[in-house]
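Subject: Structure handover

Hello,

Here is the structure for you to open. My notes on what was found follow below it.

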Amino acid sequence: MQKFHTVVIGGGASGLVSGISAKRAGNSIVILERLPVAGKKLLACGGGRCNFLNEKIDESYFNPSARELIRSAFSRFGKIGILRFFEELGLHYYSEQGRIFPVTNQASSVLKVLELELKKLDVPVELGFEVADITSSRQGFLVISSTNKRVICDKIILAAGGRSYPALGSNGSCYKFCRDFGHRVIAPVPSAVPIEISDKSCHFLQGQKIFVCAKSLINGKISSQAAGELLFTRYGLSGTAILDISQDLSIALNRQTGDRAEVLVDLVPFIEEPDLKSELALRVKKGFEPLNLLCGILPDKFGLAFGDLLKTKDPDSIAAELKHKIFKVIRTRGWNEAEFTCGGVDSSEVNFKSLESKFKKGLYFCGEILDVQGPRGGYNLAWAFSSGLIAGLTE
Ligand SMILES: Cc1cc2nc3c(=O)[nH]c(=O)nc-3n(C[C@H](O)[C@H](O)[C@H](O)COP(=O)(O)OP(=O)(O)OC[C@H]3O[C@@H](n4cnc5c(N)ncnc54)[C@H](O)[C@@H]3O)c2cc1C
């Protein structure tokens with residue numbers, strides 16, 4: 001049976017970086033990855049461009065329960081530390097409205113520089129090794145794969161991600177071990193995820209993209225808001241504005257809180273409501289057909305989607321509906337379409353400085369397996385890299 005000082009479980013963003021960090025700290029190490037390739041999710045990041053960091057990263061962008069942990073982590077490896085790490089690996093980058101991408105615009109560049117460094121450091125990455133069990137004794141940890149391969153070690157870094165996008169590797173299979181070692185796993189729910197709604201407008205508007213201001217309403221109260229793209233789909237709503245407000249909706253719908261989840265959308269954010277009313281009143285006066293009342297204000301399909309309302313030719317109710325359209329949310333699209341996981345191992349149960357479990361000596365965490373979530377825009381990879389660099393260090 002092979003023995004290593006450190007076993008990293010998960011060859012994703014945080015796992016690969018923690019492997020480099022651990023080896024540089026002088027430890028023998030192996031990375032175990034369940035898929036036949038490492039870093040599959042990294043390749044899908046940022047639509048294949050990999051938005052791997054943001055100009056502005058600090059704890060205020062993350063969930064309140066994780067902020068102390070984030071402050072501590074970023075004080076060791078924040079924006080400057082992460083950039084220095086990648087610069088030393090030869091990665092050139094640029095910033096687009098605060099979002100940082102590799103200059104090649106290829107996520108594969110980020111993965112490649114990590115893989116080259118692992119190779120240079122002679123770190124083995126064992127592919128197709130799905131960890132199925134972990135036991136511990138006075139001799140250390142025994143890690144067993146689904147095909148009964150065995151590895152022993154003194155230190156485990158759990159870098160197995162959350163539950164989102166199982167096709168890219170992370171499927172929540174390691175939460176079980178966290179619970180076995182006494183950790184609380186806050187119910188994981190899909191985040192940055194499209195939503196399903198019941199509204200006949202979707203039938204007419206599917207495929208249509210517009211720029212909107214969207215707000216999530218939980219029991220009628222505004223919970224979060226975002227300006228950005230709204231994409232109507234066959235089943236409901238997607239686009240950046242929806243992904244950005246989806247977390248609160250997902251918690252309400254998936255944690256069985258009994259809360260009512262709705263989306264309030266300003267479909268015409270470029271015009272104030274009184275001005276819209278006046279313009280519509282003028283059009284009615286000029287004898288516009290109902291179908292043409294929104295011509296030049298919204299794409300043509302909206303004439304059909306809001307046909308019944310437009311037939312009233314009532315400027316006040318038409319303007320009110322366009323400025324304050326409410327969609328009742330039925331469910332989220334689920335794990336197969338979620339960019340992040342909200343929930344995971346309670347971050348108060350890890351030592352902020354080292355990321356070691358407060359309950360089990362030798363057990364460390366990094367990345368999305370912890371209950372840490374930032375918004376879209378490079379924050380989640382920043383956390384994955386920062387926590388990976390820390391978890392690999394030997395205190
Ligand atoms: C489509 C998409 C686009 C995204 N774009 C961005 C972006 O541009 N910027 C950004 O900041 N964030 C982005 N994210 C989020 C970001 O990718 C994640 O937050 C980040 O990858 C988390 O890193 P991780 O190492 O914790 O987990 P992962 O990258 O998910 O890696 C976990 C690894 O563990 C392996 N694993 C799981 N269970 C086992 C097991 N039992 N045994 C062995 N191995 C196991 C998995 O196969 C996987 O390779 C995106 C996510 C998605 C899905």
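Strands β7 (residues 131-137) and β8 (residues 140-145) pair in the antiparallel sense, over 6 bridges. Strands count as paired if DSSP finds at least two bridges between them. Helices (H or I, at least four residues) and strands (E, at least two) are DSSP runs, numbered from the N terminus. β7 and β8 make a hairpin, with 2 residues between them. Ser136 stands opposite Phe141 in β8.

Before you go further: this is a predicted model, where local features need pLDDT of at least 70, side-chain atom pairs count only at pLDDT 80 or more, and totals for chains, interfaces and linings use all residues. Residues are numbered from 1 along each chain as its sequence is written, and side-chain values use heavy atoms, with hydrogens and water left out.

Domains

The assignment for the protein chain gives domain 1 (2-189 + 341-391) and domain 2 (195-332). These bounds come from an automatic or database domain assignment. The C-alpha centres of domain 1 and domain 2 are 38 Å apart. The contact (heavy atoms within 4.5 Å) takes 7 residues from domain 1 and 8 residues from domain 2.

The barrel

In the order β11-β14-β13-β12-β15-β16, 6 strands close into a barrel with antiparallel pairing. From one strand to the next, the twist averages 45°. Angles run from 0 to 180 degrees between N-to-C directions, with axes as lines fitted to C-alpha atoms, for helices over the stretch in contact. β12 (residues 209-218) pairs with β15 (residues 261-266) over 6 bridges, in the antiparallel sense. Cys213 has Asp266 in β15 as its bridge partner.

The helices on the sheet

Helix α8 (residues 240-254) packs on the sheet and touches β11 (195-197), β12, β13 (221-232), β14 (236-238), β15 and β16 (325-332). The direction of α8 makes about 135° with that of β13. Helix α12 (residues 315-323) lies across β15 and β16, at about 115° to β15.

How far should the 15 residues of α8 span? At 1.5 Å a residue, 21 Å; the end C-alpha atoms are 21 Å apart, which agrees. The expected span is 1.5 Å times one less than the number of residues. α8 also has a kink of about 50°, centred on Ser246. That bend is the angle between axes fitted to the seven residues ending there and the seven starting there. Gln256 follows α8, with a positive phi near 45°.

Best wishes
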